Amino acid sequence: MTLRELSIYYKLHEQLERNREMLSSLSAAAGPGAQVITGMPHAPGVSDKVGDLAAEIWDLQDRINYLESQCDEEKKKLEKYIGAIKDDQTRMIFRLRFIHCMTWLQVAEAIGGRNTATNVKLICYRYLKKIEPL
């Protein structure tokens, strides 16, 4: 598996989180108090803000469902690949980075043992380089 293939889940997870944040924001905008009721008649070109937001929320929810299914598929592939790594530390680095979507610094802190972000990144890249020709 290449670094690009390993990073698919990471990127999907980021997209999913951004979409969830947008959904939360849209839901708040469509909630109570979203429409201003003045009691005055409206001029032509009046639109239903809540109705428009409801349509956007529906589309965004569909996108989130799609991303969740893609994430599930990619996560299964990752778990199978990472589970086959024999070295415990390397396996943990891969799991923290690619499944738990941690930054290299967070991975280094979780691993401990005076590891830096650069060290754990190099362990990952060396493993991939060693395995890739196979």
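Modeller: Contact means heavy atoms within 4.5 Å. The model is predicted: local features need pLDDT of at least 70, side-chain atom pairs count only at pLDDT 80 or more, and totals for chains, interfaces and linings use all residues. Residues are numbered from 1 along each chain as its sequence is written, and side-chain values use heavy atoms, without hydrogens and water.

Colleague: Which residues of α3 and α5 meet?

Modeller: From α3 come Gln-89, Thr-90, Ile-93, Phe-94 and Phe-98. They meet Val-120, Ile-123, Cys-124, Tyr-127 and Leu-128 of α5. Eight of the residues in this contact are nonpolar, two are polar and none is charged. (Ala, Val, Leu, Ile, Met, Phe, Trp, Tyr, Cys and Pro count as nonpolar; Asp, Glu, Lys and Arg as charged; the others, Gly among them, as polar.)

Colleague: Which residues of α4 are buried?

Modeller: Trp-104, Val-107 and Ala-108 are. Buried means under 20% relative accessible area, exposed over 50%, partly exposed in between (1.4 Å probe, protein chains only). Across the chain, buried residues make up 28% of the 134 residues.

Colleague: How do you know that the buried residues of α4 line one face of the helix?

Modeller: Look down the axis of α4: its buried residues fall within an arc of 100 degrees, so they line one face. The arc is taken from the directions from the helix axis to the C-beta atoms. The face turned away carries exposed Leu-105 and Glu-109. On the buried side, α4 packs against α3 and α5. After α4 comes Gly-112, with a positive phi near 75 degrees.

Colleague: Which residues touch the most other members of the largest nonpolar core?

Modeller: Leu-6, Leu-78, Tyr-81, Ile-82, Phe-94, Phe-98 and Cys-124 do, in a core of 30 residues. Each of α1, α2, α3, α4 and α5 supplies at least two of its residues. The largest share, nine residues, is from α2.

Colleague: What makes this set a nonpolar core?

Modeller: It is called that because its members are buried Ala, Val, Leu, Ile, Met, Phe, Trp, Tyr and Cys residues joined through side-chain atoms within 4.5 Å. Take Phe-98: leaving aside residues up to four places away in sequence, it touches Leu-3, Leu-6, Ser-7, Tyr-9, Leu-78, Ile-82 and Cys-124.

Note on methods
Helices (H or I, at least four residues) and strands (E, at least two) are DSSP runs, numbered from the N terminus.
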